[in-house]
Amino acid sequence: MSSQKPNSDRRHTIAVLVDNEPGVLARVIGLFAGRGYNIESLTVSEVDAVKGYSRITIVTSGTDMVIEQIKALLDRLVPVHMVEDLTLQGPCLERELGLVKVVNAGENRIEALRIADMFRARAIDSTLNSFVFELTGSPKKLNAFIELMSGLGETEITRGGVVAMARGSGIGLRNAKS
Amino acid sequence: MTGEPHIARKPSEHLSGAGVIVKALQDQGVEVIFGYPGGAVLPLYDELFKTNNLRHILVRHEQAAVHAAEGYARSTGKIGVVLVTSGPGATNAVTGLTDALMDSIPIVCLTGQVPTHLIGTDAFQEADTTGITRACTKHNYLVKKSEELSDVMHEAFYVAANGRPGPVVVDLPKDILFADAPYFAPQDVRPCAYQPKTNGDLTKIEQAAELLAKAQRPIIYGGGGLINSGPAACKLLQEFAELTGFPVTLTLMGLGAFPASNPNFLGMLGMHGTYEANLAMHNCDVMLNIGARFDDRVTGRIDAFSPRATKIHIDIDQSSINKNVLADIPILGDAERVLTTMIDYWKKKKLSPRVDSLKSWWIEINSWRSKECLKFEQDDKIIKPQFAIKRLFEKTQNRDVFISTEVGQHQMWAAQYFGFDKPNRWMTSGGLGTMGYGLPAAMGTQVAHPDALVIDIAGDASILMNMQEFSTIIQYRLPVKVFIINNQWMGMVRQWQELNHGSRYSQSYTESLPDFIQLAQSFGGTGMVAETVDDLDKVIDEMINSEKFFIADIRVQKEESCFPMIPSGAAHNEMILSAKDTENAKTSAEGMALV
């Protein structure tokens, strides 16, 4: 309980190493749904095919007490090997992939390309009146890009969710419980 | 579940899936299974038919199978085992599983499932059992490969019993029961990710001991975790209380963990706890919580709960710590191990309590005790429910007695007036509050302790909820006693309607109760009615000396309410002691919304 204001909501990024088995995601999601906790972002993918581990990254927000409760509840799930609160551990890297389709013409089209260039977004599909941009970066960067694009035409957006990792040389989720 | 890379292991033998299950049950030391057959589990029942050393108790409803297994587990410290079929068999078990989850009872429940190729096709008696039970089990498995079967079986037992115990479901598709399967013995199973911490952090335990030695108004608040940890943990609690002279209170689930006859015992705490226990909780300066979870029935209004106390919380479950109440010294570990370490440290450092302040603390506690909050007046005609339980307690003291209860007023009176000096003697549904729990739990207890006196203290409404089990009780010649506190009301509902809903008794009166004696007789048991105080002792004597299934129908004062009581939404120091107090104690608007 380190925060100054224990009752204010704070955004936390939590990484969880789990066995890649049917139902494991349902357990994690059910734990949040059953108690009314909010999930802002959730990504999951296998990270170790030999051991059969998947890594889940969850972004959630809550008071210190709620976050502690979430971590304890995650940790006691049987297929969970390790839970890490990246937010509490210090600086962490957060990256997200977004695809943004913008439909426009004329001057707006040129502006869209110029902004995309600034954000290092790549046009991966084009018609005479549309682009699909691919962009990676922090969630904030994606938000900014999407906001600018929405001013330049009709947009469709899909985002991959946050993947995160602690900075520095420490290897976090390798020392699994078993 | 996939776990570590595959290390070549040699199975000890090859069997059918059903054979593997039976073998695993035997290797896990299972003696009794509570179950009900059906299409999807027939291969397993066939295997049981060929086995001599697994006793199967055929219940009459799957909910009762789980409660019976809970009674068995709670009264022995072993794991309760349940076997039910797919679909309705599994869904009927859900209430029992939820009950076991809430009260941390180790259960392994095997459920049948349609064959793997039919899963998801809305096949006959198909239910998404792992989906349905995900929220009401500690863990569950759907076995889709027969090679995994013995690993899953052994892991299920490990998970059910270790850490905070709970129910585990193993869902078994019918084709898996027929398939060839390798059998691995318990010592050869693959490693499991679930490794709860049990030792407790040494620095924190020492810190806690130092704090307790300095305490001026200490209290020990013990819970069901002590019972789950085992009789050794309960002995250690007693040792520590005697070493320090500290007062002890217990939760509903903890009753028996500390002898009720010990002078340091303040009684149960919480909504219907004693005045002295609740006031001591409210006014203490150091609280030592061992294996209790700060349930809302215990804390009352949470922001007014024990405002001046430094709180030490020992629990095996990290998620129970800092859930409702912030712990100043959280200790994650098993009660027995932590208490051992703490007592060792206490002795090694020659710590001693502050005798003077402890003396004045006891004077204060004794002044609350002198209120005699459990006092009641018994005239010579109508039986008071409190009196009935008090007499039952007094008359069974020289017997090896186990008590189960249903849920409601009778449950609280039993907790208040029946003293338990040993753990594992008290089977009650605390967390979920399941009416209909007591009879099957008594049944499971009697199966485990065939020669003991097992009594279900019941209410007239609750007993109707699982009374089909009279038939099971007769079949296995279980001499279970049912002691019905009969007031013709759902008494606790009536009481709350009186307190919070202007005495508008909506649907809480039972118009047409059966003749319980004839009911017992129709199943092959016997019984007696006590109409007046004069009948009571005779009926109790007849009951406890009967060697048969026996129903004692105790007609009690109908509108008696259960006191003392912390009204919902109130604090510990706002207890009401009797009906007279209720006029002044208006339940707050927030309190009304609480259950």
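**Legends to views of chain B**

Of the 595 residues of chain B in this predicted model, 59% count as buried, where buried means under 20% relative accessible area, exposed over 50% and partly exposed in between (1.4 Å probe, protein chains only). The model is predicted, so local features need pLDDT of at least 70 and side-chain atom pairs count only at pLDDT 80 or more, while totals for chains, interfaces and linings use all residues. Residues are numbered from 1 along each chain as its sequence is written, chains are lettered from A and ligands numbered from 1 in the order in which they are written, and side-chain values use heavy atoms, with hydrogens and water left out.

**View 1. Chain B has 22 helices and 20 strands.** Helices (H or I, at least four residues) and strands (E, at least two) are DSSP runs, numbered from the N terminus. The radius of gyration of chain B is 25 Å, close to the 25 Å from the globule rule for 595 residues, so chain B is as compact as a globular protein of that length. This radius is taken over C-alpha atoms, and the rule is 2.2 Å times the number of residues to the power 0.38. The C-alpha trace spans about 70 × 65 × 45 Å along its principal axes.

**View 2. The largest nonpolar core has 103 residues.** A nonpolar core is a set of buried Ala, Val, Leu, Ile, Met, Phe, Trp, Tyr and Cys residues joined through side-chain atoms within 4.5 Å. B:Leu226, B:Ile455, B:Phe483 and B:Ile554 have the most contacts inside this core. Its largest share, seven residues, comes from helix α13 (residues 335-348) of chain B. A second, separate core of 45 residues includes B:Tyr72, B:Ala100, B:Phe402 and B:Ala458.

**View 3. Surroundings of B:Ile455.** Contact means heavy atoms within 4.5 Å. Leaving aside neighbours within four places in sequence, the contacts of B:Ile455 include B:Leu392, B:Phe402, B:Phe483 and B:Met543. B:Thr396, B:Ser404 and B:Lys481 are also among them.

**View 4. Helix α1 (residues 17-27) of chain B is mostly covered.** Eight of its eleven residues are buried, among them B:Gly17, B:Val20, B:Ile21 and B:Leu25. α1(B) is followed by B:Gly29, whose phi is positive, near 80°.

**View 5. B:Thr76 lies in helix α3 (residues 62-76) of chain B.** B:Thr76 is partly exposed, with a relative accessible area of 25%. Not counting residues up to four places away in sequence, B:Thr76 touches B:Ala448 and B:His449. B:Thr76 and B:His154 are 78 residues apart in sequence and 20 Å apart in space, C-alpha to C-alpha.
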